[in-house]
Amino acid sequence: MVLPVKHSCMILFFACTLFLQGALGEIICENLPTNVCSFSIALSGNRCLLENSKNEDGKMEYQCKTSEVIVGNIAEYIETDECVNACGVDRSSVGISSDALLEPQFTAKLCSPACYQNCPNVVDLYFNLAAGEGVYLPDLCNKQRKSPHRAMIELLSSGAAMDALAPIASQDVVVGAPDISPASF
């Protein structure tokens, strides 16, 4: 019996979906390679983060861990290399910190249309980090586009620099980033 092309395509699509689901499995931070750990999100919705730890020989090595930070609208996601490059983030960064927001070059990349409009995972992360410092990321990005030096002065005067060297403590409250659309620019 020969199946019509429409049915054959549906069966092929279904089979491929099952294969990929089984091959890829669920994203569990502790099972991820360290080169894709940062900026990934586990099936549970928790962010993955890279940490230093000592192995049995006493040597320092990286490990991927599940953080307590929960992403409200994204789960089971590994950030693309395109977004990593467009946003100026570093997959080898250890922990999660708002320090980068104090660097004008980083903020320029984060606020660029290539990042801000196309990389909601990275934007959500830094939106929450900025909020933890009392800064509203969309306002910072608007100011950064108009006057980069003034944006940094305002960020520093907001008190964000007071604890800039201390990592953000994990919180039970999840603050979602605003919907990102070209209309927001």
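1. Glu76 first. Glu76 is placed in the loop between β3 (60-70) and β4 (77-78). Its phi is positive, about 50°, although Glu76 is not a glycine. Most residues other than glycine have a negative phi.

2. Phe39 also has a positive phi, about 70°, and is not a glycine. The loop between α1 (5-24) and β1 (40-41) holds Phe39. Is Phe39 buried or exposed? Phe39 is at 6% relative accessibility, so it counts as buried.

3. Arg91 is worth a look. Arg91 sits in the loop between α2 and α3. Its relative accessibility is 11%, so Arg91 counts as buried; the cut-off for buried is under 20%. What does Arg91 touch, leaving out residues up to four places away in sequence? The list is Thr34, Asn35, Val36, Ser38, Phe39, Leu50, Glu79, Thr80, Asp81 and Val84.

4. Ser98 lies in the loop between α2 and α3. Ser98 counts as buried because its relative accessibility is 4%. The Ser98 side chain makes a polar contact of 2.8 Å with the side chain of Glu133.

5. Now the core. The largest nonpolar core has 26 residues. Val89, Leu110, Val122, Tyr126 and Leu137 have the most contacts inside it. Two or more residues each come from α2 (81-87), α3 (104-111), α4 (113-116), α5 (120-132) and α6 (137-146). Which element gives the most to this core? That is α5, with 7 residues. A second, separate core has 8 residues, including Ile27, Cys29, Cys48 and Cys64.

6. Beyond neighbours within four places in sequence, Tyr126 is in contact with Phe39, Val89, Ser97, Ala100, Leu101, Phe106, Leu110 and Leu137. Tyr126 is also among the residues nearest the centre of the second largest pocket.

7. That pocket has a volume of about 310 Å³. Its lining takes in 22 residues. Nearest its centre are Phe39, Ser93, Gly95, Ser97 and Tyr126. At least two lining residues come from each of β2 (46-54) and α5. The most come from β2, with 4 residues.

8. On the overall fold, the protein has 7 helices and 4 strands. From the N terminus, the order is α-β-β-β-β-α-α-α-α-α-α. Of its 185 residues, 33% count as buried. Among contacts between residues at least 6 apart in sequence, 63% join residues at least 24 apart.

9. The average pLDDT is 76, and 66% of the residues score at least 70. Residues 6-23 have pLDDT below 50, and this stretch has 3 contacts beyond near neighbours in sequence. For residues 160-176, pLDDT again stays under 50. How many contacts beyond four places in sequence does the model have for residues 160-176? The count is 28. Where pLDDT is low, the predicted coordinates should not be read in detail.

Definitions and conventions:
Residues are numbered from 1 along each chain as its sequence is written. This is a predicted model: local features need pLDDT of at least 70, side-chain atom pairs count only at pLDDT 80 or more; totals for chains, interfaces and linings use all residues. Side-chain values use heavy atoms; hydrogens and water are left out. A nonpolar core is a set of buried Ala, Val, Leu, Ile, Met, Phe, Trp, Tyr and Cys residues joined through side-chain atoms within 4.5 Å. Buried means under 20% relative accessible area, exposed over 50%, partly exposed in between (1.4 Å probe, protein chains only). Contact means heavy atoms within 4.5 Å. A polar contact is a pair of N or O atoms within 3.5 Å; within protein, one must be able to donate a hydrogen and the other to accept it, and residues adjacent in sequence count only if both atoms are side-chain atoms. pLDDT is the predictor's confidence in each residue, from 0 to 100. On a 1 Å grid over the protein atoms alone, a cavity is a set of points where a 1.4 Å probe fits but cannot get out, and a pocket is an open set with protein on both sides within 12 Å along at least five of seven lines; lining residues have an atom within 4 Å of a point. Grid points are joined across faces, edges and corners, and a volume is the space filled by probe spheres set on the points.
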